[in-house]
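Welcome, and please open your viewer.

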Amino acid sequence: MSVWRSLGEVPADLRCVVTIGNFDGVHVGHQKVLNACIERAKARELPPVVVTFYPHPVQVHHPERNLQLITTLQDRLDALAGQGITHTLVLTYDKSLYSMSPREFAQRVLVDCLGAQEVVVGEDVLFGADNAGDLDTLRTLGGELGFAVKAVTDLESAEGRRWSSTWIRELLAEGDVAGAARVLGRPHRIRGIVEHGFKRGRKIGFPTANLSASIEGVVPADGVYAGWLSMRVKDAPAHVFLPAAISVGMNPQFDGDKHTVEAHVLGRHDLNIYGEEVAVSFVARIRPMLTFRSVDELLSTMDDDIRKVASILGVTVSGRVDPEAVTAR
């Protein structure tokens, strides 16, 4: 997929079918719009193009809300490519952009830059300064400027709820990562750089990758999860995915005062990934974060945790590793 970071990078002779949105999470609702864009592009024998924005408008206009993106920009682009989008224009969301009137945006971005022949949007589309443009505005401008408009109806869940990024954030705040995966259409993922921790896990047979200080993405509620740690291996064509038990919380057993995200890769003692970027995907919640009466009780529960993780992920059950065999230092 081609990624353009400014209007000036777009080929001058482009003609395409366009969809517009933040697409944070690229969830099932977004996917319906993207699929409609791709279908209309195929019908016109034109490329499907996404216009998206970074940073998120809420982060610019309401920084006090401390909005965390569900997906990093790179993960968003990867998900768009995975849906079949061939080109994405990432516009920097700054004053020069958000001060454009709806007409200016349609003329300068959609027509003059992208050569839009058709624009595919959700029914709740808002665009231009102060979100003054809506679906009716877009249709009027399309009639004047020469592009068609296709509106995609909202997709609702079986419960009658609209698929949305807000819903995903609510589910993650509850620790319902399986529910979030249903809305996303895939497991929720965060990224971070592996750093040195207190190394308590390795001493008891459960070495972990700690990525607490540099996390990108929404961290689920405290608890223990089944999931995957993925990373790029030198000379490998793609990331490798390793089954992991993931701990999110304050480590109350050891009077922890720092919120951590740690992933124990099942059965592995030979990973030396300090300083490496990794991604952690959450599949299912095993249990809440607990305090135990003794270290032995903690170890017994952790043994049970990794058996459950292996069962959920469909991998071979492994036990504790030999602390003396751990290679990372």
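Select the charged side chains first: there are 35 positive and 41 negative ones, and the centres of the two sets lie 3 Å apart. Here Lys and Arg are positive and Asp and Glu negative, with His and the chain ends not counted; each charge is placed at NZ of Lys, CZ of Arg, CG of Asp or CD of Glu.

Before you go further, note that this is a predicted model, in which local features need pLDDT of at least 70 and side-chain atom pairs pLDDT 80 or more, while totals for chains, interfaces and linings use all residues. Residues are numbered from 1 along each chain as its sequence is written, and side-chain values use heavy atoms, without hydrogens and water.

Now colour by secondary structure to find ten helices and twelve strands (DSSP runs of H or I, at least four residues, and of E, at least two, numbered from the N terminus).

Next, pick out the open sheet of six strands, paired in parallel in the order S1-S4-S3-S2-S5-S6; pairing takes at least two DSSP bridges between two strands. Its edges are S1 (2-4) and S6 (148-152), each pairing on one side only. From one strand to the next, the twist averages 25°.

Zoom to S5 (residues 116-122), which pairs with S6 over five bridges. Show Glu118 too: its bridge partner in S6 is Ala148.

Notes:
Axes are lines fitted to C-alpha atoms, for helices over the stretch in contact, and angles run from 0 to 180 degrees between N-to-C directions.
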